[in-house]
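Please read the following account alongside the sequence and the coordinates.

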Amino acid sequence: MDAPRLWTFPKWTNLAGVGLLLGLLTVPVYLGLLLAYGANATTLNVGYQPKQPVPYSHAVHVGKLGMDCRYCHTTVEQTGFAALPSTDICMNCHKTILPDSARMALVQQSYVEGTPIPWKKVHLMADYVYFNHSAHVNVGVGCIECHGPVEQMETVYMAKPLNMAWCLECHRDPKPYLRPRDQVTNMNWTPQGADNPRARADLGKKLEENYHVRASTDCVTCHR
Amino acid sequence: MATVALQEIDNTVEDPRQRATLILGEPGTSLHEVSEAICGVAEARHPPKPWYAALGIAMLALGLLGLMIVYLFFTGIGVWNLNRPVAWAFDITNFVFWVGIGHAGTLISAILFLFRQKWRTSINRFAEAMTIFAVMCAGLFPAIHLGRPWFFYWMIPYPNQMGMWPGFLSPLLWDMFAVGTYFTVSLLFWYMGMVPDLATFRDRATGRFRYYIYGVLSLGWRGSQRHWHVYEKAYLLLAALATPLVLSVHSVVSFDFAVAQLPGWHSIVFPPYFVAGAIFSGFAMVVTLAIPAREMFGLKNFITLRHLDNMAKVILVTSLMVAYAYATEFFMAWYSASQWEQFHFLNRLFGPMWWAGWTMLICNAVVPQVLWFKKARQNVWILFTVCILVNVGMWFERFVIIVIGLHRDFLPSSWGSYYPSYVEVVTFIGSFGLFLTLFLLFCRYLPIVAMAEVKGILPHGHGSNEPGQGHDAAVPQTDEIGTSDKGAVGSVADSAPVASRDVDSFAVARPTPPAPKLWGLLAEYDSSDALLKAAEKVRDAGYKRWDCFSPFPVHGLDRAMGIRATILPWMVLAAGLVGAAVAVILQWYTNSPQTVSAQAGALSGYPMIFSGKPFWSLPANIPIVFELTVLFAALMTFFGLWALIRLPRLHFPAFASRRFRRVTDDRFFLLVQANDEKYHSKPTRNLLAGTNCVVVEDVFDE
Amino acid sequence: MSSMKPTDDSLPPHDASELGADPATSAAEQSRRHFLKLMGASLGLAGMTGCIRMPEEKLMPYARRPNNRTPGAPVSYATAMERGGIAQGLLVTSYDGRPIKIEGNPSHPLNRGAADVFAQASILELYDPDRSRGVIHRNPDGTRSQSSWEEFFRWAKGVFTGDGRGIAVLSEPSLSPSLVEMRKRFQKLLPKSVWFDYDPHVPEECQTLWGWVSAPDLSRAKVVVSLGSDLFGSNPLAVKYSREFAAGRQLSRADGGQMNRLYVIESTYTITGACADHRLAVRPSDIGKCAAYIAAALGETNLTDGKSEVTAEQKRFLDVVIADLKANGSQSIVVGDRRQSVLFENLDYLTDWINKQLKSPSGNLSYHSSGLADKDNSGHLPVLSTLASQMASGEVQTLLILGGNPIYSTPANLKFAESLSKVKNTIHLALHDDETSQLCQWHLSKAHYLESWGDARTFDGTVSIVQPLIEPLFDGRSAIEVLARLTDDKEGIDGGGLAVVRRTFKSLVGDKYSEWQWKKALAEGVVEGTQQTVTFVGPNAVVAIDDSKQQVDNSRGLTAPGASQATSSTEETNRGLLAPGYPQKGNGALPNSKAFDLVFFPDAKVYDGRFANNGWLQEFPDPITRMTWGNAAWMNEKTAENIGLKHNEMVSLKAQDTPEVEFPTCIVPGMADGVIGLPLGYGRTAAGAIGNGVGQNAYLLRTSEYLGWRPGVAARPTGKTCALATVQEHHVIDKVGQRAIAQRIPELIHEGTFAEYQHDPSLGHEKSYPVSIFQEHPLDGTPVNRDPVAPNAPAHTFHRWGMAVDLTACTGCGACVVACQAENNIPIVGREQVLLGREMHWLRVDRYFRDGERSGESVHQPVFCMHCETAPCEQVCPFSATTHSTEGINMMTYNRCAGTRYCSNNCPYKVRRFNYFDYNAGTLKDLYMPNLMRQPISELVRMQKNPDVTVRMRGVMEKCTYCIQRIEQARIAAKREADRPIRDGEIQTACQQTCPTGAIVFGDLNDPNSRVSKLHAQQRSYGLLNPELNTKPRTRYLAKVRNPAPGLEETNKTDKHHT
């Protein structure tokens, strides 16, 4: 009678244990990578730069010509929504400046036909976030704090992650992000003695007190 | 095959002169027969017909469960008839029901182990399996009962873009930690206990597929005494960790209710009451499953009437505890003079859902009283009926607490009613499908009785070697092995067999052309006693690289071998402390005022006002601290064990020996490695031959 | 864009195309409604692609921004809504061109800021997807097809010609000056045409058809006696009455307050009855007797009998009333409901007589000049009968129906449908393609009042301009515009409704007209100087201020123009108090145990049926039965037993000349014995997806003789049952539950009499004002900042929001429920879901029957999130989705909620609402369909949504937020305005804003001078369940104080002094 064959594992399988150990070690590594990926700028859409229907350049208008943000975004101090300029605002100047430029074609058409220009939204917040521009601008949070160096942007991109943890950073301690109210739209503002962190801190503290800044971290501040 | 008793044998009588046997069988029941009986279930070519029938039904139910869950996910939780005020009903009832069922396994494994209740060994394995599957069923319900189940992971405290942390004051969070820890520890415990038995499966395997599967699962277990030493410690540690866990899980589950302020929920008696109820229902479920299983797989010799009797007694005791809790609730309602409480308990029995209240009361407090009678405990049918009714009653207990508690609370204006939708009913039935499918598959493919442990409690397992099963029986077996060896390496002695009592010589010498390197000398013994004595000899001879192998841990052998106590307990202690610290720091940091962590972004804490409580309060943190302590310690026990004994290593030179394959069955071995300083071919061989061994065999390395 | 025509700056945006194309700049806001749903999807997508970019969203700025339009800022416009001929002045909030919320106009004499449920819910009517679109024409072969306005007018040119013989117009009663003008024009052009008015409910006190309104001022009355009049219910003047009534029971005044007393004699159960200090349930015929008894006691000798007919119980009650009336004289008032007497004039006569006898200022009767002469056939039923017979005989060849739904709502015996089929040309102008439209040759889509220009008068004659907030969504036109075309009104054709209204306005204002005047009228919502109130000073005084030279008949006190025929025909029965056919004897015992009195009344939800397709109203719980989605036969337990019925069982009702109609039975304690109440307005067949087939049609039992009630109706149980979709208690039938309710009520609702209150302002309840956990030093009252973020911020930026609800003032009308629904984007869930107990109202008005359910005395209690400082819901949430703000608001963060529902379980008030389904998406019928098979949230549904409030998706818990969006808006506005403190009263929650009695007050508890602080400080304030559970609710109730008359006190067996 033939006994059944005797199976064994080859010797190399003993390395499996080591493999398993290494495998277990990858778990924390994986978790770490996952977190890093989650916190990554690309994941957070930083740098999102959709192509706009009109090749409008903030770099020219703000950077070179020094236009104030509020010339176009008129409602930023009054309402939650910083309105995009209506076409007639563009045409205030462009009736005379470069009226026939090809770049202006869509604007011209909009002006003549009364059709809106379909701008693509760059700073897209989740729908359940109620961000109010006026509440920020009026207490001295500069445009640049959230929108980045718009005056250098040929096409606007998202400069900051705009995620909740990022919002909370400022809401927990707004002092470093405050500036005098009249400097809110100034893209080149630097606090006096900018190189002195102490002075900056003092200024922040002073502004926080003067403007009665109470950046609440209550959920209802942003979510309703 | 195992001897299947045709008639139930009463082994429940305690004779003060002699311990009643825990395993039944003919006088000659041997270690090998244990293996035969248990492995036979998995090795049989065809499982019994009822198994197919049962699996078919179970899988049908499982399919329905899947269907219902898909429907639920794509439609909304509204397909269940939950409402306001009854926002929980079947879902949490089923959850608590299944968690309760899941208590018996670890209780039997851990608490009875600590109490040295040896009768547990026949039932602990499948009770543990039942636990695992029941907890899986239980875990299903909290996950699918969410309004948005895809966000279940928000319960886990991990740094995230929202800077948010879960609410550590919520009993549901404690629950997740408790059930999660319980599941993990139970799984580890179950698996750890199963490894020696899986090795038996492996070593008995005749097909390649079975061998490799069980070989991988058993991690190269070979019954080494040095392994057994750590293993036993680990098992004890895990049992010690699991014991408070068993008590804590249902305590924490009860907090889901006790922490709330609904009348009928807000009760201090809940933790012990729930634990008792869980054990009650768990044992009832074990019996419910054991009775058909022992019938189906011929395990009456293992799960004897004595086992059933013992379990019936536990059921009776816990029934009394539960009944006492009921009485306490009613008394407290009256005594507290709280009109809400009083109304709740009146409403339980005389309100619109009186039928549920009375079902609970009768099934849980009245019916089990028949177990006072021995006749009832020993009549399988009565016992089975009682257990089914207890299961029904315990399900209704949760239903009563949850639904009757919710449907009429404080403001009469918000009173409501509840009846289940078909989706809820089918989901509930489907959970049985999941449970039974897993259980039936387990029965078919995994060792359903802890063979190694059973062997350990067999009379000869204690090394007394009393019964007739002795050296004579071994003789023909050695013959067989000696003659039928082919293809295996190094199984042949390169020298004459040692002269020894009763030991047959190897019949054929087969020198192999590339002379393999001798790796060690293997001596086989047919009793633990013989091994023990041999081990003392070898120890005294001053060998270092040698080991003993046995199907179960032979008590006293580690001392006989001079093995030093393992450091595992210290590692576990350290891990437990780390777990506690992590839990405390986590809960403190995430709720700390921002001054601690203002600029840490996603890693920052987020203090929030919950119910006007302090930002950080230690008492509320205790459940999670406890659970993480146990979890870390248990993980350390498990992984520490394998690290210390350096498993998995699937290859072991002695595995090439056909004789050695019985180390996981009924044989005992001593192996001296050739690379031991003291090793010298002749003297060592003589030393071994001088012990009471069956044979001495050379082991070669590849 | 075609809509970019030059717009009048002052005008509200009313170009629908602006919305249709793409609401300028509001893309962001619109998208808020995709919402949370995306969250779920994005998780799945993120898993799949790993590197998903943002979904692309577009912003569409205006090409030319209109002046005075700030994108993203809500704007309010004043307008008015007419119901029963009476205008309610409204303020409509518009957000980027979409009207989203209706509130009462604070400058309007009727509303004073409040609005009733119907007015508020009419915003949903505007966006009703079932509204008809354009013109539908019935082809000769009976099929119907879409037509156009031009086609209709072409056809009409050939029909509305000649002298108008054979042309009849049936119109909803209206005092709109422009409509009246158009009507005159029409009749001048077609002199032989006839014009009829019909409204299924002659509004109780508002006989607009006759050009006058009886609108007594309750605010100065110390004693109010209602003879069957539902002052606070579905009455168009309810807002005014409620306000005035509450003004007479101001306990919060420093001088200890004062208290009026309300007696109600009625046969059904109304919220007026629920508010009464004393209520007497009598059969409808007895109301006239009671009035006669009172009149006789005050000296009227002209009555034939009546005095002897009241029962001993009634006599006991009435004697107290009479004594009270005599004692208070001119400070008392009697209000009657003409529906309740068989022929209404007798009750009118008696109440007028009594009021004059009392020298009561009941004479706040307003005369309006409709400007129409007697021959105009204005009138009510008699003329409707005339019309029906004229139609049947073929005299009428062309019938133009302007609004209304006569096929559905006219009395059954007129067989209006049959008559209509005899008419050659039939035209129906209506919002919906309804029962009447489907039988007419032409259906014309009517423009909603929020889409069209118009004007309207209110009770005192004040005219309001109805200005549109949006261009017609469904190609509808107003009655004015249609008449302008039919009458070839050049100005009206060219300039639309606006031109007609301006023309009318000019003539109304006369010399004073100026553009500024016009703008002022638009802005304020009232036209100055149009008020025409007349006050009687004595029983026989004749005052006729109105310039239309109306005649007032001294002997009867009042006779309205056009009513002469109607009244003369009933002259005989004026003094006889019993209607023919009514069993004369055996008041208590029914002549035949199966013959009952039916009382018809407009439903509290859908009124006369016109709001049947309005989901908010269908789901608005009836204040008395707490029933939604349908109607039932109301009766008390005794009556039900008499018929052999139980709650929920079907009863079949049969009267002479009417079919047998089945209704579910609803046991309503407090109904008079032998009386079955039937709410009208249900059983619609062509209302739309929401309203079709809901409830039973009670009009089928209503005949022209018996508009208000009818005797001798047979009732029998059918043996079937029907579940009533009630939102409270689901009718507790077990004794354990009933006992518990009776035991709990005194603890849940603190009550007492005025006398007791004066003796002990806490009304015997232990005062348990909890120490706030937000105030570390409660003794000196200085707010202590517990904010971990800004511990040094100034005190005025710290608030402890709180609310007080005065149960004494609350009438239970439920206006707050709809206000909350509109403000907070609360979905409707449908009948099936209500039956399961899943209604979503954040605010509910609980109704408890005081001593069990026997006496029928009930109390109402609005319940919403209490914002407990130690909120039990918060600690149990594993996701931190519900937490507490530093200002004490219990916050619910939807986007963090995964839906364990534990918070709801642990809320003792059960105010949390769970989205079991995606109630906003698809229709109510496909809730049980998997999401993928369901329609997404429709564009129309979206348009109504408040962009400041998240629309919740399925699986998310929600609840009252104290209107956090209003708080945040006020906070930001205050900050913007030089960082000033938020003023007390600046933030009004939606419920508070609309409450006609001012029972709800919201404010800052940190300010000791705020109204809410003062109310909390009153001794009668209490926190619901607070002593038991220590929840420290921020919303506290002020005990209900009643003012029983000394002689009747013992009948009020309340045990408020519980231990």
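This is a predicted model: local features need pLDDT of at least 70, side-chain atom pairs count only at pLDDT 80 or more; totals for chains, interfaces and linings use all residues.

Among the contacts in chain B with a separation of 6 or more, 82% are accounted for by residues 24 or more positions apart.

The largest nonpolar core has 333 residues, and B:Phe442 and B:Leu670 are the members that touch the most others. Helix α6 of chain B, spanning residues 171-204, gives the most to this core, contributing 18 residues. When neighbours within four places in sequence are left aside, the residues in contact with B:Leu670 include B:Leu521, B:Leu522, B:Tyr525, B:Val538, B:Trp546 and B:Leu688, as well as B:Asp547.

Turning to the interface, 74 residues from chain B and 83 residues from chain C take part in the contact. The area buried between chain B and chain C is about 6,400 Å², of which carbon and sulfur atoms give 58%. B:Arg84, B:Arg148 and B:Ile609 supply 13% of the area that chain B buries against chain C, more than any other three residues.

Between chain B and chain C there are four salt bridges, and B:Arg84 forms a salt bridge with C:Glu839 in which the closest N and O atoms are 2.9 Å apart. Across this interface of chain B and chain C, 44 residue pairs are in polar contact. On the side of chain B that touches chain C, α11(B) gives the most, with six residues.

Methods:
Residues are numbered from 1 along each chain as its sequence is written. Chains are lettered from A and ligands numbered from 1 in the order in which they are written. Side-chain values use heavy atoms; hydrogens and water are left out. Contact means heavy atoms within 4.5 Å. A nonpolar core is a set of buried Ala, Val, Leu, Ile, Met, Phe, Trp, Tyr and Cys residues joined through side-chain atoms within 4.5 Å. Buried means under 20% relative accessible area, exposed over 50%, partly exposed in between (1.4 Å probe, protein chains only). Helices (H or I, at least four residues) and strands (E, at least two) are DSSP runs, numbered from the N terminus. Buried area is the accessible area (1.4 Å probe) that two parts lose on being put together, summed over both. A salt bridge is a side-chain nitrogen of Lys or Arg within 4 Å of a carboxyl oxygen of Asp or Glu. A polar contact is a pair of N or O atoms within 3.5 Å; within protein, one must be able to donate a hydrogen and the other to accept it, and residues adjacent in sequence count only if both atoms are side-chain atoms.
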